[in-house]
Amino acid sequence: MTDSNEGQEPSMSDEWISFDEPADVPDTDFDPSASPSSVPGEEPDQADVDAALAAARLEFGDIDIELAELMRPEGEHSGLPVLAVVGRPNVGKSTLVNRMIGRREAVVEDVPGVTRDRVTYEAEWNGRRFILIDTGGWDRKVKGMAAQIAAQAERAIGDADAVMFVVDAQVGPTDTDEAVVEVLRRTGKPVLLVANKVDDAAAELEAASLWSLGLGEPHPVSALQGRGAGDLLDAAVALLPEEGAGISRAGGPRRVALLGRPNVGKSSLLNALAGGDRVVVDSVAGTTVDPVDELIELKGTWWWFVDTAGIRRRSKEASGHEYYATLRTQAALDRAEVAIVLVDASEPLSEQDVRIISMVIEAGRALVIAYNKWDLTDEERRHYLEREIDRDLVQVPWAPHVNISAKTRRHVEKLTPAIEAALEGWQTRISTGRLNAFLKELQDAHPHPLRGGRQPRILFGAQVQVGPPTFALFTTGFLEAGYRRFIERRLREDFGFTGTPIRIVMRVREKRSRRRG
């Protein structure tokens, strides 16, 4: 990897951090709320742009409709009420959450302890939108990971506007249920008591025993069958305030996904960024199952961070909840704007690491590479890592990379400018005039090789999207992959695009005279 500012190979030192910033783009403060940035510079003569557009219309007809179809809208929302779902392990909380949001989103398996962190979803019922928090099972006198899971459930109650307490009606109230009730009473939050696994009318009579918990009338439901779900949602919505502390992921703070192999340190990094234990961390690989959303403030700016499950080499290698967790990770990436891919710097760069980076590029998300566990590397390991990067990551020299230690929190603060730089590149827009002047100059100096006796030419180009930057090129023939990579490389040299993939879409037409002939 080369640093365009220095023009030489950076050394793999303890302070190693790289951002590719072109000389003609000033280093300005990045405002996440601002509109997509435009690259500064003199605009070319409008007559040249009109001539290129006329040539394209002569070949393609009216291209305005085709360009408009490549655009996309965005929106934002905030101030949603928050409902936390809590209860003992394996009482059906995640199944109930899936029922309430109307889709199989929360990972469910018929063993206790599948859900481990606080996981948020957006739900809607009868026109009321709210945020739903699914939590891990809450149990008494537990240690290790189970104790951390219980602590996350207790913290979810503090973040919620109201609480849904789920009890297994077939088992009846237990000592653990009564301990949870004591905690709920101390919070002073409104509580809705749910008697789950009430599959028929006879089971409703057994659910009456839950009155003894002192939380009022138990609402009988069968999360698996959907029995009583509508009445439960009516009661839940009635319990929620009109406005709450929740912030919709559909807008507002930017969304950052943490990706990597199992046990690479994603949850530790999230805790380091948050300055506390937000998610469960354990030395056992695969601790995180559901994507975990956390709203974190860094240097005065709020961000949605999503801790995801570790991605295994192939989906068929995972089974049960691990397989579905991998699918949820892909969905979390699709909802994010930028991904931080964590790589274990103390181990050789693996095919799995490269595949995860490729997945981010294919999803069209901004990319930051964080080499974690830097405190475990020595000079020899850093030397070999540099060679591995040159060999395996040659296609992504544009991605900012930072060396960190999530465990000691060393250099974690450097991720913020890396994320901002990647997002700025992700939203960079080139004016149509400058793009066509660039394409004309490039083709005059380096024309496309002949194909079948013909030389394809780019008649007109336009940037049709940001996030990621996407360019539509109207050409007289097919452009070979090597020439498209050359165009991308020159775009980066002239305009930056730090931390973002670039997409090039071709619209190929033969000349009208040949079509009539």
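What follows is a short chat about this chain.

Student: What kind of model is this, and how are the residues numbered?
Tutor: This is a predicted model, in which local features need pLDDT of at least 70 and side-chain atom pairs count only at pLDDT 80 or more, while totals for chains, interfaces and linings use all residues. Residues are numbered from 1 along each chain as its sequence is written, and side-chain values use heavy atoms, with hydrogens and water left out.

Student: How many helices and strands does the chain have?
Tutor: The chain has 15 helices and 16 strands. Helices (H or I, at least four residues) and strands (E, at least two) are DSSP runs, numbered from the N terminus.

Student: What share of the residues counts as buried?
Tutor: Of the 517 residues, 52% count as buried. Buried is under 20% relative accessible area, exposed is over 50%, and partly exposed is in between (1.4 Å probe, protein chains only).

Student: And what share of the contacts joins residues at least 24 apart?
Tutor: Among contacts between residues at least 6 apart in sequence, 74% do. Contact means heavy atoms within 4.5 Å.

Student: OK, cores. Which residues in the largest nonpolar core touch the most other members?
Tutor: Leu269, Phe305, Val338, Ile340, Leu415 and Ile419, out of 28 residues in that core. A nonpolar core is a set of buried Ala, Val, Leu, Ile, Met, Phe, Trp, Tyr and Cys residues joined through side-chain atoms within 4.5 Å.

Student: Which elements supply at least two residues of this core?
Tutor: Strand 8, helix 8, strand 9 (292-298), strand 10 (301-307), strand 11 (338-344), strand 12 (366-372) and helix 12 (415-426) each do. Helix 12 gives the most, with six residues.

Student: What is Ile419 in contact with?
Tutor: Leaving aside neighbours within four places in sequence, Ile419 is in contact with Val256, Trp303, Phe305, Val338, Ile340 and Val368. There is also a second, separate core of 24 residues, which includes Ala336, Val341, Leu367 and Trp374.

Student: Switching to strands. Why is strand 6 described as largely enclosed?
Tutor: Because six of the six residues of strand 6 (residues 191-196) are buried. Val191, Leu193 and Ala195 cover one side, and Leu192, Val194 and Asn196 are buried on the other. In general, side chains in a regular strand alternate between the two faces of the sheet.

Student: Which way does strand 6 pair with strand 5, parallel or antiparallel?
Tutor: Strand 5 (residues 162-168) and strand 6 pair in the parallel sense over six bridges. Two strands pair if DSSP finds at least two bridges between them. Val167 stands opposite Ala195 in strand 6.

Student: What about strand 14, how many of its residues are buried?
Tutor: Eight of the eight residues of strand 14 are buried, so strand 14 is largely enclosed by the rest of the structure. Strand 14 pairs with strand 15 in the antiparallel sense over six bridges, and the bridge partner of Phe460 is Phe474 in strand 15.

Student: What sits in the turn of that hairpin?
Tutor: The hairpin has four residues between the strands, and Gly467 takes a positive phi near 65° there. A cis peptide bond joins Gly467 and Pro468, with omega about 0°. Pro468 lies in the loop between strand 14 (458-465) and strand 15 (470-475).

Student: Which residues have a positive phi without being glycine?
Tutor: Asn126 is one of them, with phi about 50°; Asn126 lies in the loop between strand 3 (119-125) and strand 4 (128-134) and is exposed at 64% relative accessible area. Another is Asn263, with phi about 65°, in the loop between strand 8 (254-260) and helix 8 (266-274). Asn263 is partly exposed at 37%.

Student: Arg365 next: buried or exposed?
Tutor: Arg365 is buried, with a relative accessible area of 13%, in the loop between helix 10 (351-363) and strand 12. A polar atom of the Arg365 side chain lies 2.8 Å from the backbone oxygen of Ala363. Not counting residues up to four places away in sequence, Arg365 touches several residues, including Asp334, Glu337 and Trp426.

Student: Last one: how far apart are the end C-alpha atoms of helix 13?
Tutor: They are 20 Å apart, which agrees with the 20 Å that 14 residues (432-445) should span. The expected span is 1.5 Å times one less than the number of residues.

Conventions
A polar contact is a pair of N or O atoms within 3.5 Å; within protein, one must be able to donate a hydrogen and the other to accept it, and residues adjacent in sequence count only if both atoms are side-chain atoms.
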